[in-house]
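Hello,

I'm passing a structure on to you today. Please open it alongside this message, and my notes follow below.

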Amino acid sequence: MPISFLSMTKYRIFSINSDANTSYCKNSIKNNKYNVFNFIPLVLMIQFSRFTNMYFLMVAASQVFKEISPVDLLTTWIPIFIIFVITMIREAFDDIKRRKEDSALNHKKYHVIRSDQEIYIKSCLIQVGDIVILHENEKTPADLILLKVDGNLQACSIQTSSLDGETNLKDIYPIRITKNKNYEEIRLLKGQISCNTPNPEIYYLSGKITLSNGEECHLSKDNFIQFGTTIINSHTIYGIVCYAGKDTKIALNSQKAPVKWTKLEHFLDSCSLFVFTLQLILALTIGTYANYYTEFHSQYFTYLRYDLYGDPGDINGWKRWLFLFLRFFLLTTSMIPISLKLTIDICKFIYGFWISHDLHLIDKNKRIKPLVNNSSVIEDLGAIEYMFVDKTGTLTENVMKFKKLAVESQIYGHSMDADSILLDNSFKSSILNRENENDIMALFCLSFCHTVKFKDSKINISNSPEDTALIEGLIELGVHLNFDESVFTIESENLGIERQEFQVISIIPFSYERKRMSVLLHKLNSEKYYLFSKGSPDSIANISKSKYSNYDLQINQLASLGYRILGLSYRTLSEEEAVSVSQYLSRSMNDDAEYKDATFQVEQNSELLGIAAVEDRLQEKTGETIEILRQAGIKIWMITGDIFQTACNISFSARLIGNDGPFILIKETDEYDLGQVLDNIESFIDSLPKTESFYLAIDDFYDLLLNDYKEQFFRIAMKAKSVICSRASPNIKADVVKCIKDKKKITLAIGDGGNDIPMISIAHIGVGIIGREGRQAAAASDFAFTNFRFLTRLLLIHGRYSMHRTSWLTQFCFYKSAIFCLIQVLYMTQNAWSASSYFNNFNVMSYNAIFTILPVIFYVQDKDMCESSVLLHPYIYSDSQHSIFCNRRTFFWWYIRAFFQAFSLYSVSAVYVFDPEATNVDGSAYSLDEAQQITFSALILIVILTVTLDSHHMTILNLIFTWGNWIIFILLSVVANLVYSLEITKDFYLVVWRVLTNPIDWIAMITMVSLSVFVPFILSTLKKTLYPSRTERLHSIEIKKQSEFQPEYFVSNEKEINDVLFLDEKYNPKTVWDKTHSICYPFCPCSNH
């Protein structure tokens, strides 16, 4: 993250071991959003920032004016109140959880030295200038400057997984002028520290410490321990607080998670806008006609007694029009379903629960369940078009073994007799007989240039899995290593190496920019000084005098086997040179640019030794997973920081690259202009047959490709079957994902380390692998689990089902609201366009909020195809991927169904009820109350039957909650019709009793339901029979197999027919239903793809 010049040059000054630093930020952590006073205002403000909530608030506010409201105001206020109470409960629960987490951190106690006294206080009371005493495995309570490591160790190790996701350890060094002080001297320590003001650069610190005795020392990032890191491999450390509370690095870097909107939500926003526009047009049109009708016809209705109450025709024209327009608008407000957001949220919660408890996604060996960190994006799991994967720890196990060592022309562990250096006797013989001095130097380079920490001569911890693998390999070869108080000890009886000691003078740590580490050593009891370097093959070659003849060939050979490759080099120095180098590095340590130049100068002119190869095996079923996801129509890109050769070989092993098309590599070269290269590639691609695919690889060159040639590059890359991006930094990974995302493609990024977090955060769906590099990637992701192969089930099963279910239920919510409103509109033809409500207040209030919500929610159990069929035919993932379940065609036909059923309901009602001779059983005339109750009861039955007939997969719960909903409707209606004292049920009094006891009403109801349901059902059945979609055709095959008591995956070779062949997509091609969103198909077939 870039730092402003101002933040780099401004400094804060504070006293050491003093209580006078109270002007700086306290160390209290506060992540909760609310308190008792602002909870309700803030929640309401957040909720009313959404269009739909503000819309319904305006509607509810308008209904306060009884003159313009056709229904009771409670019909809107009660559902709004229920929805907001549920929202507030959820927000309160989340905030209480955050408050508890904050409280646990704030109340944790630490030993602190302040004003020469050691005290035991809560973390929230720690302040700048305090000296904090920490022990092994404790987390730091604030940002610290390291004063001393107990035992006079040179450094302490910290784990920064909470900051950057890396479980690799980092060494932090105590200040030179305080590292040798004892406890009493630390307790009485006085002086001042000036350091840069708080800034978000995690690893940046610059300043100076001045002790009371006049001693001074510069401060750098090597003395800096960030808040939240864990102390490793050090019994006790002493650190002075430099930043506390909201000034800490982690607090300044904390950002709100980006709000992610799913593809379906964007479509529903468009639908809501369309329905709102339709509502306005209806209100304007009908309001205008009603105004005309009132002015020219109402005076003829003598029973309205205008002689007593006044003629509406006398009202000013525009005021009457506005009055009627508002009444019609309020009458049709439920066209946008008020319960839609709540319904979708409930369904997403259920989807998330199913994912987190799916037995197929649980790692039974590690006993780790999948994590669902963001259930709001679950539908997009069914719409992924591009997937970006990291290599190490994502496709591979990140469990490494030392396999081969190349020294000059010899590759040990690479022969017919031995496929591992551990089994190669020629290496042991070379060391024993001192056949090649560089073999010894390579052994020393591997033994000393690493980040492994030892405890009792055994490996304790390491910053790098490669380092661990190399040292474990050396130990298996019989090398005994130890590191104690800056001295390496090496000996080996098997290899004839006598005990030798090497003093560490300086360590140049590994960085992603340099891609190597180095260590400066003095061989004790001699005048020999060595600088050993280890890193990527290219970076080691860059600092070497020259490359031996077959160095590049060895890289290709070993990388082609899928190994991780590390270059090795060394440099011999005189004592004078070693002292000069050490001083040079110390002087430049406070300036990053100067330090980078210094390290390069120091490492230059090294002798190239050779290459170490480490094996990192693929995870279980990686190849099968990639193959299935590719069949599902997902394009997969590998983005890794590894070298091209290794990335390429892993791609072949994982089936990411095949032999079914040309392989094109774009790499940096001085021979050709990049623009010309891209032009040639594009011409070549255009000349390929449409059926032939190609693969693309990029080896560096990202600055130009992602800037100057961005459009052309992505035009080429998006046509490729797969793309391999090697040597990509974390920012490059994120930039590539963002570029594809900007092309309106739905993206998924998956990785396991902190360097994958940028691309995980920016993708539509971020998936973290819970592996050996910690859980930071998992914490930053939307979903997380332990194995790459779990992606198949996550996307094809959970993703596709979620998209199918949510698509149906959201359209169904609009549909059932449309029927309700259209009946209200049709009633205008019978009430002189007065904008009066056909349904009573109780039914208006209960329709969406109570009587139709359960069948919708329990549709979440539906499966349009069983799981085994989906996995057998992964290409049907394109149904959800290309919005076949929910698009403008499906939305249009839902509204056509709503109009037909509303017209049918109202027409039958009009025939039965508005007939002048129609009477009740007791001979009394029909009233509007009975008419609306018959229609409303039929409407509830239609909703239930529609859910039942549209379901593909019935369970006991479906039946109970779908048809149990009818029982709930009857019971609540009966109870409500007995209550006269409430305003909202007055018009409802005894109406249900009269309807239930009248057989004619039952006949009318059954007629309404039969006409409304079975006509659409017959048309739908004819469509599925004559013009089935691909999925409908496969579903019929599935049903046939089930009817014959065969499993869906059953295949047979009987009668010389191989059923396996018929699983291929070419035997089940897309139909026009699968290719188009055209509203007019099949009457006017056309394609929008």
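**What turned up**

Asp-742 is partly exposed, having a relative accessible area of 44%. As for the terms, buried stands for under 20% relative accessible area, exposed for over 50%, and partly exposed for what lies in between (1.4 Å probe, protein chains only).

Before you read on, please note that this is a predicted model, in which local features need pLDDT of at least 70 and side-chain atom pairs count only at pLDDT 80 or more, while totals for chains, interfaces and linings use all residues. Residues are numbered from 1 along each chain as its sequence is written, and side-chain values use heavy atoms, with hydrogens and water left out.

Back to Asp-742: its side chain meets that of Lys-738 in a salt bridge, with 3.1 Å from N to O. Salt bridge here stands for a side-chain nitrogen of Lys or Arg within 4 Å of a carboxyl oxygen of Asp or Glu. Side chains of opposite charge can pair when their charged atoms come close. Lys-738 is also partly exposed, with a relative accessible area of 38%.

How many salt bridges are there by this rule? The count comes to 34. One of them joins the side chains of Arg-793 and Glu-867, at 3.0 Å from N to O. This pair links distant parts of the chain, 74 residues apart: Arg-793 sits in helix 27 (residues 790–826) and Glu-867 in helix 30 (residues 867–872). Helices (H or I, at least four residues) and strands (E, at least two) are DSSP runs numbered from the N terminus. Arg-793 is buried at a relative accessible area of 15%, whereas Glu-867 is partly exposed at 23%. Both residues belong to a network of salt bridges that also links Asp-358 and Lys-863.

Another salt bridge pairs Glu-1032 with Lys-1023, their closest N and O atoms being 2.9 Å apart. Glu-1032 is partly exposed, with a relative accessible area of 24%, and Lys-1023 counts as partly exposed at 24% relative accessibility.

Now for a record. An unreviewed UniProt entry carries the annotation "binding site" for Asp-390, Thr-392, Asp-752 and Asp-756. These residues are spread over 367 residues of sequence, yet they cluster in space, with a largest C-alpha distance of 10.7 Å. UniProt positions are given in the numbering used here, feature names are shortened, and annotations may be inferred rather than shown by experiment.

Where does Asp-390 lie? Its place is in the loop between strand 15 (386–389) and strand 16 (396–407). Asp-390 counts as buried because its relative accessibility is 5%. Beyond its neighbours within four places in sequence, Asp-390 has contacts (heavy atoms within 4.5 Å) that include Lys-733, Asp-752 and Asp-756. The side chains of Asp-390 and Lys-733 make a polar contact at 3.3 Å. A polar contact is a pair of N or O atoms within 3.5 Å; within protein, one must be able to donate a hydrogen and the other to accept it, and residues adjacent in sequence count only if both atoms are side-chain atoms.

Thr-392 also lies in the loop between strand 15 and strand 16, and Thr-392 is buried at a relative accessible area of 7%. Not counting residues up to four places away in sequence, Thr-392 touches several residues, among them Arg-564, Asp-616 and Asp-752.

Asn-438 is buried, with a relative accessible area of 14%.

Happy exploring!
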